[in-house]
Amino acid sequence: NVWIAKSAKVFESAYIHGPAIIGKDAEVRHCAFIRGNAIVGEGAVVGNSTELKNVILFNKVQVPHYNYVGDSVLGYKAHMGAGSITSNVKSDKKLVVVKSPEGQIETGIKKFGAMLGDEVEVGCGTVLNPGSVVGSHSNIYPLSSVRGFVPANSIYKKERLYTIVQPFSVFLEISGMRKAVPQKTEEVTEKNFSVLTIHFPYGIV
């Protein structure tokens, strides 16, 4: 139940468990792990130590370096940078809900990764949270945590939120200027600062 096109290249160290289809001119590289229910389109690249499960990769998709793609669909020429993954299970183990401009869609299932449109670029180290939908030709910046719906032709930048709890004394070094933050619960959003360095003398929760 594994079909591999004659022109596809599969490294000896790769593992493929069916059912799986590997299309023409696709590459399944060193130590790739395909767990089953996978369609790898023509000219697609499944790279070093990348894991696939329950996926459709359209033609010329690239998941080339240390990626996990599970219960997901990646459109034509979508590319996931090194270490970027799809998270397919919510931490509370509840059913995944897909958000759209028309409202919420109940999937009725616990495992649902991401859907990427054509030519989406996902930066290194990014997490696509369960039920994420990214429209075509969008660019996800590295180290982002994506959830919900990202419209087509968008740029998505990470927005990391820090919560500081008493009695931690925190200093932000902003372009060489030091600013004290009061010792109370605060939310600090990285997008407000060109340079952000946080020192935690006692710890962080």
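Predicted model: local features only at pLDDT ≥ 70, side-chain atom pairs only at ≥ 80, totals over all residues.
G70 belongs to strand β11, which covers residues 68-74.

The surroundings of G70 come from several parts of the chain. Apart from neighbours within four places in sequence, the residues in contact with G70 are K53, N54, V55, T86, N88 and G113. For one of these, V55, the C-alpha atom is separated from that of G70 by 6.1 Å, with the two residues 15 apart along the chain.

The loop between β10 (62-65) and β11 holds N67.

If residues up to four places away in sequence are not counted, N67 touches S49, T50 and E51, together with M80, G81, A82, G83 and S84. With S84 there is a polar contact as well: a polar atom of the N67 side chain lies 3.0 Å from the backbone oxygen of S84.

## Largest pocket

The volume of the largest pocket is about 220 Å³. Its lining consists of K90, V96, V97, K99, N129, P130, G131, R147 and G148.

Sorted by class, the lining residues of the largest pocket comprise 3 nonpolar, 3 polar and 3 charged residues. Among the lining residues, K90, K99 and R147 fall in the charged class, while V96, V97 and P130 fall in the nonpolar class. N129, G131 and G148 are counted as polar.

Key
Residues numbered from 1 in each chain as written. Heavy atoms only, no water. Helix = DSSP H or I, 4+ residues; strand = E, 2+ residues; numbered from the N terminus. Contact = heavy atoms within 4.5 Å. Polar contact = N/O pair within 3.5 Å; in protein donor to acceptor, adjacent residues only side chain to side chain. 1 Å grid on protein atoms, 1.4 Å probe; cavity = no way out; pocket = protein on both sides within 12 Å on 5 of 7 lines; lining within 4 Å. Points joined across faces, edges and corners; volume = space filled by probe spheres on them.
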